Amino acid sequence: MAGYRFAAIAAAAALWATPSWADSIDGSWCNEKTGKTFQIRGPTIVTPGGARLEGAYSRHGFQYTVPPQEAPAGAPVTMRLMGENVVQLQAGDAGQPELWRRCEQTS
């Protein structure tokens with residue numbers, strides 16, 4: 001019995017020491033270099049070009065396809081929450097991913 005109690009305490013301590021993810025990708029995001037923004041609310045995104053559409057949502061990620069009126073039209077966009085205030089965004093086969101910050105943090 002004492003062995004099980006020790007294992008439970010050790011597992012809890014390991015979880016306590018593991019860094020946690022930020023709450024969620026929902027919110028307003030800003031690109032400091034371009035001045036563009038986008039907003040995510042569950043599966044809905046308002047893109048940097050102003051289009052409102054649905055995407056593939058998870059608490060720490062989001063994916064959508066760039067609409068025809070925006071560049072690069074038809075490209076897949078993948079976002080990953082990197083911390084509470086930073087999202088990594090990769091559009092299509094573009095070179096380096098972009099880092100976007102929560103708008104509340106940049107103003």
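## Stop one: the pockets

Start with the second largest pocket, which has a volume of about 160 Å³. A pocket here is an open set of points on a 1 Å grid over the protein atoms alone, where a 1.4 Å probe fits, with protein on both sides within 12 Å along at least five of seven lines; lining residues have an atom within 4 Å of a point. Grid points are joined across faces, edges and corners, and the volume is the space filled by probe spheres set on them.

Before going on, a word on the source: this is a predicted model, where local features need pLDDT of at least 70 and side-chain atom pairs count only at pLDDT 80 or more, while totals for chains, interfaces and linings use all residues. Residues are numbered from 1 along each chain as its sequence is written, and side-chain values use heavy atoms, with hydrogens and water left out.

Now select Cys30, Asn31, Glu32, Lys33, Glu98, Leu99, Trp100 and Arg101: they line this second largest pocket. Which element gives the most to that lining? Strand S9 does, with four residues. (Strands are DSSP runs of E, at least two residues, numbered from the N terminus.)

Next, pick Lys36, Pro48, Ala71, Pro72 and Trp100, which lie nearest the centre of the largest pocket, out of 15 lining residues. Strands S8 (86-91) and S9 (98-102) are the elements giving two or more residues to that lining. The largest pocket has a volume of about 270 Å³.

## Stop two: the strands

Show residues 27-30 (strand S1) and 37-41 (strand S2): the two pair in the antiparallel sense over four bridges. Strands count as paired if DSSP finds at least two bridges between them. Click Ser28 and you'll find Gln39 of S2 standing opposite. Six residues sit between the strands of this hairpin, where Gly35 takes a positive phi near 80°.

S1 also pairs with S9, again antiparallel, over two bridges. To see that, select Trp29 and its bridge partner in S9, Arg102.

## Stop three: Val87

Last, select Val87, in strand S8. Is Val87 buried or exposed? Val87 is buried, with a relative accessible area of 0%; buried means under 20% with a 1.4 Å probe, protein chains only.

Colour its neighbours: leaving out residues up to four places away in sequence, Val87 touches Ile25, Trp29, Met79, Arg80, Leu81, Met82, Glu98, Leu99 and Trp100. Touching means heavy atoms within 4.5 Å. Finally, draw a C-alpha to C-alpha distance from Val87 to Phe62: they are 9.9 Å apart in space and 25 residues apart in sequence.

Notes: Buried means under 20% relative accessible area, exposed over 50%, partly exposed in between (1.4 Å probe, protein chains only).
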